Amino acid sequence: ILGRHIANELQEKLGKPFVVENKVGANGNVAAAQAAKAPADGSTLLIVTPGIAVQNKYVYKTMPFDFDKDFQPIILMAKAPMLVLVNPKLPIRTMAELIAFAKANPGKLNFNSTGVGSQPHMTLELLKTRAGVEMTHVPYNNASQQNLDVISGVSEGTINYVTTTLGFVKSGEMRALAITTTQRMAEIPDVPTLEETGFPGFEAAGWFSIVAPRGTPAEVAARITPLVNACLPTEKGRKALADLGMQVAGGNAGDLENWIRTEDARWSGILKAVVTPQ
C-alpha cells in the first residue's frame with residue numbers, strides 16, 4: 001500500500017508511469033534478488049524492509065544477493081512502531097509494573113511474537129536484556145491467533161505493530177504500556193515511549209525505504225528524494241501513513257545508509273543469539 005502511494009506521487013510529479021510489482025517470499029529476498037539483477041538505469045526501485053537490509057543474512061544460510069554490494073540507498077520513508085501490550089486483566093498498567101512483575105516471577109510471563117527472528121521478537125529480546133528480566137517467548141505464524149491469545153489470556157502479553165493492534169487497544173481488549181519508537185502517536189497520545197519509561201535511547205520499529213540497484217545514476221536519487229520528502233509530511237501523506245500505523249521519516253541517502261548501519265549494530269548480536277540459520 002505504501003509502495004502504491006509513493007508510486008502514484010512520483011508518477012504525478014515526474015510525469016512517467018510507475019508500476020508496482022509485488023514479489024513475496026523469503027521475507028523479501030525474492031523481490032530483492034530480482035531487483036539486484038535489474039539494469040541500473042533508474043527504471044527499477046526497490047522498497048526495502050529490515051528483513052532485506054539487515055535481518056535475512058542472519059536468518060538464511062545463503063543469500064541470493066549482497067545488500068551492501070548490490071544496492072545503493074535513496075531514502076528512508078517511514079517507520080512502523082510497535083506496542084508493548086498485555087492482557088487488561090493483569091494487574092499491570094505501566095512498564096514499571098511489568099518489569100517489577102517479571103523480576104518477581106522469572107519466566108512466568110508468556111510474551112508472543114510474529115515469529116523467531118521477527119522485528120517484534122528481536123524487540124522483546126532487547127527489552128528483556130535492557131530490563132534484566134526473564135520472559136518466555138512464544139512464536140506464532142498467525143497474527144490473528146496471536147492477538148486472540150493475548151485477549152483471551154493464553155499469552156500474558158505481546159509486542160506487535162500498531163497497525164494490527166490499535167483497534168484492540170481502543171476497544172479495551174488489550175492494554176498498551178509503551179510504544180517502541182521515540183515519538184508518541186497522535187492516535188494513542190497517552191501511551192508513552194519506551195524511552196520515556198526508563199529505557200534511554202530505546203528505539204525499535206519496522207521501516208520502509210527506497211533503494212536502487214548499485215550503479216544507478218545519481219540524478220535518479222536527486223530527483224526522487226526531494227519529491228518523497230515533500231509528499232510524506234503533507235496532510236495526504238501523513239494520513240496515508242497513519243492509516244498504516246506508520247510515522248514519517250524522510251532524509252537523504254546518507255541518512256538511510258547510517259540508519260541501516262545502526263540497525264545492523266542494534267540487532268546483529270540478538271539475531272546471532274536467538275536464530276539458527278536455515
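Val84 touches Met95, Leu98, Phe111, Leu127, Thr158, Ile159, Arg175, Ala176, Leu177, Ala178 and Leu194, leaving aside residues up to four places away in sequence; contact means heavy atoms within 4.5 Å. This is a predicted model, in which local features need pLDDT of at least 70 and side-chain atom pairs count only at pLDDT 80 or more, while totals for chains, interfaces and linings use all residues. Residues are numbered from 1 along each chain as its sequence is written, and side-chain values use heavy atoms, with hydrogens and water left out.

**Nonpolar cores**

- Val84 belongs to the largest nonpolar core, which has 31 residues. A nonpolar core is a set of buried Ala, Val, Leu, Ile, Met, Phe, Trp, Tyr and Cys residues joined through side-chain atoms within 4.5 Å. Buried means under 20% relative accessible area, exposed over 50%, and partly exposed in between (1.4 Å probe, protein chains only).
- The core members that touch the most other members are Val84, Met95, Leu98, Phe111, Leu127, Leu194 and Phe199.
- Two or more residues of this core come from each of α3 (50–59), β2, α5, α6, β6 and α11 (253–274). Helices (H or I, at least four residues) and strands (E, at least two) are DSSP runs, numbered from the N terminus.
- With five residues, α6 gives the most to this core.
- Another core, of 19 residues, lies apart from it and has Ile6, Ile210, Ala212 and Ile224 among its members.
- In soluble globular proteins, nonpolar side chains tend to be buried together.

- An α-helix has 3.6 residues a turn, so residues three or four places apart point the same way.
- In helix α7 (residues 143–152), the buried residues include Gln146, Asn147, Asp149 and Val150. The buried residues of α7 fall within an arc of 160° seen down the axis, so they line one face of the helix.
- Ser144 and Ser152 are exposed on the other side of α7.
- Among the elements that cover the buried residues of α7 are β2, β3, β5 (157–161) and α8 (162–171).

**The second largest pocket**

- The second largest pocket holds about 280 Å³ of space. On a 1 Å grid over the protein atoms alone, a pocket is an open set of points with protein on both sides within 12 Å along at least five of seven lines, and lining residues have an atom within 4 Å of a point. Grid points are joined across faces, edges and corners, and a volume is the space filled by probe spheres set on the points.
- The lining has 16 residues, of which Ala53, Lys57, Phe67, Asp68 and Ile260 are the closest to the pocket's centre.
- The elements giving two or more residues to this lining are α3, α4 (67–70), β2 and α11. The most come from α11, with four residues.
- By class, the lining has eight nonpolar, one polar and seven charged residues. Ala, Val, Leu, Ile, Met, Phe, Trp, Tyr, Cys and Pro count as nonpolar, Asp, Glu, Lys and Arg as charged, and the others, Gly among them, as polar.

- Val275 lies in the segment after α11 and counts as buried because its relative accessibility is 11%.
- Val275 and Val116 are 159 residues apart in sequence and 6.8 Å apart in space, C-alpha to C-alpha. Val275 touches Tyr58, Val59, Val116 and Gly117, not counting residues up to four places away in sequence.
- Phe71 is in strand β2 and counts as buried, at 1% relative accessibility.
- Beyond four places away in sequence, the contacts of Phe71 include Ala32, Leu46, Phe65, Val211 and Pro213.

**The loop between α1 and α2**

- Ala26 is in the loop between α1 (2–14) and α2 (29–36). Its phi is near 55°, a positive value in a residue other than glycine.
- Ala26 is partly exposed, with a relative accessible area of 33%.
- Asn27 is found in the loop between α1 and α2, and phi of Asn27 is near 55°. Asn27 is partly exposed, with a relative accessible area of 43%.

Methods. 1 Å grid on protein atoms, 1.4 Å probe; cavity = no way out; pocket = protein on both sides within 12 Å on 5 of 7 lines; lining within 4 Å. Arc of directions from axis to C-beta.
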